[in-house]
Amino acid sequence: MDNTEQQFLRDLDDKLWKAADKLRANLDAANYKHVVLGLIFLKYVSDAFEERQEQLLELFQTDAYDNIYFMHRDDYDNDADYQQALNEELELLDYYREANVFWVPKAARWNTLKEKAVLPVGSVIWQDDAGADVKLRSVSWLIDNALEEIEKSNNKLKGILNRISQYQLDNDKLIGLINTFSDTSFTKPVFGGERLNLHSKDILGHVYEYFLGQFALAEGKQGGQYYTPKSIVTLIVEMLQPYSGRVYDPAMGSGGFFVSSDKFIEEHAKEQHYDAEEQKKHISVYGQESNPTTWKLAAMNMAIRGIDFNFGKKNADSFTDDQHPDLRADFVMANPPFNIKDWWSESLADDVRWKYGTPPKGNANFAWLQHMLYHLAPTGSLALLLANGSMSSNTSGEGEIRQQLVEADLVECMVALPGQLFTNTQIPACIWFLTKDKANGMVRNEAKRNRRGEILFIDARNLGFMRDRVLRDFTTDDIAKLADTFHAWQRNEGYEDVAGFCKSVNLDEIKKNDYVLTPGRYVGADDVEEDGEPFAEKMSRLAGQLSEQFTESDRLEAEIKLNLGRLGYEV
């Protein structure tokens, strides 16, 4: 996006967040997110529906449009009959399904909400299917009714959308939120008198993602369960490059990896000059989440983006109630909670997933890793965010599992991340990249070299910037540097080891280091310090000086003891 578009989105974020934040006087962050995100969802599906209606209206009024059930203007006696025929044609569901647009019943459309919300409670707002009057009970009831109508018409969202009547919010507060969203143009945005090249999907998707991040900050540790920082998600997607195939996240939160994959395909399509929507048909999305609230947020997130998904029949634990037991995915990406202690069940004792060793009962890190490997296709690749301890721990058999993974030549790349990237934890983190096909990616026809017997180590701890006093973030240049380094190494396109940053290491060297996978152990330090002296030379000089100082210290100690002895003191 250009600077004008970015400023438009920043101003929009600020405006909408301030309006939503007024609810905090009545609700905590864990609850008022459902109200706000529910309204964002309704606004988006309505905007997308109206955009499709406008397209259809133009189509119906062209001479090229020919439908035996719909006649041209000249075939009608008057404008009223023609307009009625147009309206009836616009209400045919198939026109929307064929364009992957959610069908939005009249009672759920944004204009209906805006128009009916300001009426006095008890007003007749429409007739039901039996012709009986339906009266307005409250604004929250009106919103809940819209959500219910959406679910009735879209089976994939059945039981997903959170109702808001339970929060007992004042009508005026909800009307204020509806008006704030209504005053913002999501379909034809203008900023500083300039028409912007942003679509409603881009804008509403951005707003949804921004709000998820803000709610995660407001909820602290609890909020981190459903939100992975955008830059980390983007980094993993840029490194894995999921153009097509089955994409799986067994700890999906609100579905950030799927959204980034969708964006990645769009950007790649733009660069390659082909149809992004056509390319997206070659991606299948599978996810699982144990938290029922977060599971629903993810489904809403997919619906907003128009991404087809399979999140299982229900929210469920990935270890004890796998919703996709037969799935073998081409790409697996996840950010599970770090160092989970209470994950174990005796039913898992002889699980087929523990091919490389039974994970310790007090830490789920290597359970996540092996679960993901089990669901990986023979030519698939995975990326997993884990605590730094996973790279070096030898407790409870973790060292043996790590050794098995290395000797099976599954580990492709290890990335050490800087601190303060997460809203919910200060635990230092790393990214594991594994693949079952280091030979050449031949099945997927990718131009990768044979990387068998090698692992790339990247130390990214010095990258990034402090976004505020608490959180660090990556720049787009940081992400590009990391992804380009990985791809250059994979494809043999000008890759070189860089002291202090990256190094390609063979398995024999890793074996000598007891299978520890911490990048800092292999990449070393920068060749040149700030004073310009090469690191190796400086260390040699300082070691010599230290040896001289120890020798002088021993001499002085002996001399002091001798002098004290002469004075009659024993030391």
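Which strands and helix do the buried residues of helix 13 pack against? They pack against strand 5 (245-249), strand 7 (329-334), strand 8 (376-387), helix 14 and strand 10. What you're looking at is a predicted model, where local features need pLDDT of at least 70, side-chain atom pairs count only at pLDDT 80 or more, and totals for chains, interfaces and linings use all residues. Residues are numbered from 1 along each chain as its sequence is written, and side-chain values use heavy atoms, with hydrogens and water left out.

**The chain as a whole**

- The chain has 18 helices and 14 strands; these are DSSP runs numbered from the N terminus, with helices (H or I) of at least four residues and strands (E) of at least two.
- Of the 571 residues, 50% are buried; buried means under 20% relative accessible area, exposed means over 50%, and partly exposed sits in between (1.4 Å probe, protein chains only).
- Take the contacts (heavy atoms within 4.5 Å) with a separation of 6 or more: residues 24 or more positions apart account for 69% of them.

- Helix 13 is mostly covered, with nine of its ten residues buried.
- Among those buried residues are F366, W368, L369 and M372.
- In helix 14 (residues 398-407), the buried residues are E398, G399, I401, R402, L405 and V406.
- Looking down the axis of helix 14, its buried residues fall within an arc of 160 degrees, so they line one face of the helix; the arc is that of the directions from the helix axis to the C-beta atoms.
- Just after helix 14, D409 takes a positive phi of about 60 degrees.

**Salt bridges**

- A search of the whole structure turns up 21 salt bridges, each a side-chain nitrogen of Lys or Arg within 4 Å of a carboxyl oxygen of Asp or Glu.
- K438 lies in the loop between strand 10 and strand 11 and D409 in the loop between helix 14 and strand 9, so the pair ties together parts that are 29 residues apart in sequence.
- Both partners are buried: K438 has a relative accessible area of 3%, and D409 is at 17%.
- Over in helix 6 (residues 139-153), E148 and K152 are four residues apart, about one helical turn, and they form a salt bridge with the closest N and O atoms 4.0 Å apart.
- K152 also bridges to E149, with the closest N and O atoms 3.6 Å apart.
- K152 is exposed, at 56% relative accessible area, while E148 is partly exposed, at 36%.

**Two buried residues to look up**

- S231 sits in helix 9 (residues 230-240) and is buried, with a relative accessible area of 9%.
- Leaving out residues up to four places away in sequence, S231 touches D473, F474 and I479.
- Q490 belongs to helix 15 (residues 476-491) and is buried too, with a relative accessible area of 3%.
- The C-alpha atoms of Q490 and R451 are separated by 7.0 Å, although the two residues are 39 residues apart along the chain.
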